[in-house]
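The following note sets out numbered points on the model shown below.

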Amino acid sequence: MSDLLHRAVLIEDETLVRRYVAIALETLGFQVWESETAAQGLMEVVSRQPDLIILDLGLPDRDGINVIHELRPWCDIPILVLSVRTEELQKVAALDAGADDYLTKPFGVPELQARIRAVLRRTQHKGEGFAENNSVVDFGNIRVDMIRRRVTRAKKTIHLTPTEYRILTLLVTNIGKVLTHRQILRDVWGPGYVDRPHYLRVFMAGLRRKIENEPANPKHIQTETGIGYRLVQ
């Protein structure tokens with residue numbers, strides 16, 4: 001692998017860990033872009049279009065699992081999670097969100113490099129990284145640009161909360177399909193929230209007010225009574 005130049009975005013807020021991992025990546029032939037925050041890391045992913053993302057879960061501005069949720073609708077670049085969290089629930093949440101592997105801190109360089117090689121072997125034929133053709137979705141006068149993380153209505157920007165944005169992108173990437181209440185709660189809030197449908201009702205009402213012409217009679221976010229919701233164009 002060392003004779004090839006791969007690209008990696010490393011999102012990690014601890015300076016010493018970041019330097020340690022960057023050196024391990026460079027030894028494998030990676031060009032590395034380092035980010036201390038989720039926001040900076042997402043910008044690096046968009047601009048660099050790397051072959052690999054290394055992601056810490058405990059970031060200062062956002063939980064790493066939320067970062068995975070934001071990335072997966074429009075990008076299938078392999079993600080290796082590094083975390084001090086050892087609970088099985090956290091590992092399951094990260095893998096269910098779309099991570100390709102999970103490595104618990106502390107770890108040694110040989111294991112880290114072996115995990116990177118394994119992730120790349122498994123994912124090298126998975127796709128082209130960025131799903132440019134699927135990153136922009138239109139319905140009615142709404143446009144959702146998932147690479148730029150921008151939602152517009154009649155070409156004017158709509159300001160969504162992070163949770164509203166995650167619900168909308170989940171619906172957009174499953175357009176036409178019915179998503180159950182539990183599925184949305186699990187994917188947006190996490191496995192520990194599947195029995196809290198009141199969360200979903202509150203945020204869905206807010207989202208409808210922002211994107212529907214008649215929120216009380218929604219055209220796009222349709223309710224499947226007793227089951228869940230579906231987005232239609």
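1. The largest cavity is lined by Ile65, His69, Ala93, Asp96, Ala97, Arg186, Asp187, Gly190 and Pro191. Here a cavity is a set of points, on a 1 Å grid over the protein atoms alone, where a 1.4 Å probe fits but cannot get out, and lining residues have an atom within 4 Å of a point. Two or more lining residues each come from α3 (64-71), α4 (88-97) and α7 (181-188); helices are DSSP runs of H or I with at least four residues, strands are runs of E with at least two, and both are numbered from the N terminus. The main contributor is α4, with three residues.

2. This is a predicted model, in which local features need pLDDT of at least 70 and side-chain atom pairs count only at pLDDT 80 or more, while totals for chains, interfaces and linings use all residues. Residues are numbered from 1 along each chain as its sequence is written, and side-chain values use heavy atoms, with hydrogens and water left out.

3. The volume of the largest cavity is about 60 Å³, a volume being the space filled by probe spheres set on grid points that are joined across faces, edges and corners. One cavity of 30 Å³ or more is counted. Its lining comprises four nonpolar, two polar and three charged residues, where Ala, Val, Leu, Ile, Met, Phe, Trp, Tyr, Cys and Pro count as nonpolar, Asp, Glu, Lys and Arg as charged, and the others, Gly among them, as polar.

4. The second largest pocket has a volume of about 300 Å³; a pocket is an open set with protein on both sides within 12 Å along at least five of seven lines. Its lining has 15 residues, of which His69, Arg72, Pro73, Leu170 and Thr173 are the closest to the centre. Helices α3, α4, α6 (162-172) and α7 each supply two or more lining residues, and α7 has the largest share, with four. This lining divides into five nonpolar, five polar and five charged residues.

5. The protein has eight helices and twelve strands. Its radius of gyration (over C-alpha atoms) is 19 Å, close to the 17 Å that the globule rule gives for 233 residues, so the protein is as compact as a globular protein of that length; the rule is 2.2 Å times the number of residues to the power 0.38.

6. Buried residues (under 20% relative accessible area, 1.4 Å probe, protein chains only) make up 48% of the 233 residues. In α8, the buried residues are Leu200, Met204, Gly206, Leu207, Arg208 and Ile211.

Methods. Buried means under 20% relative accessible area, exposed over 50%, partly exposed in between (1.4 Å probe, protein chains only).
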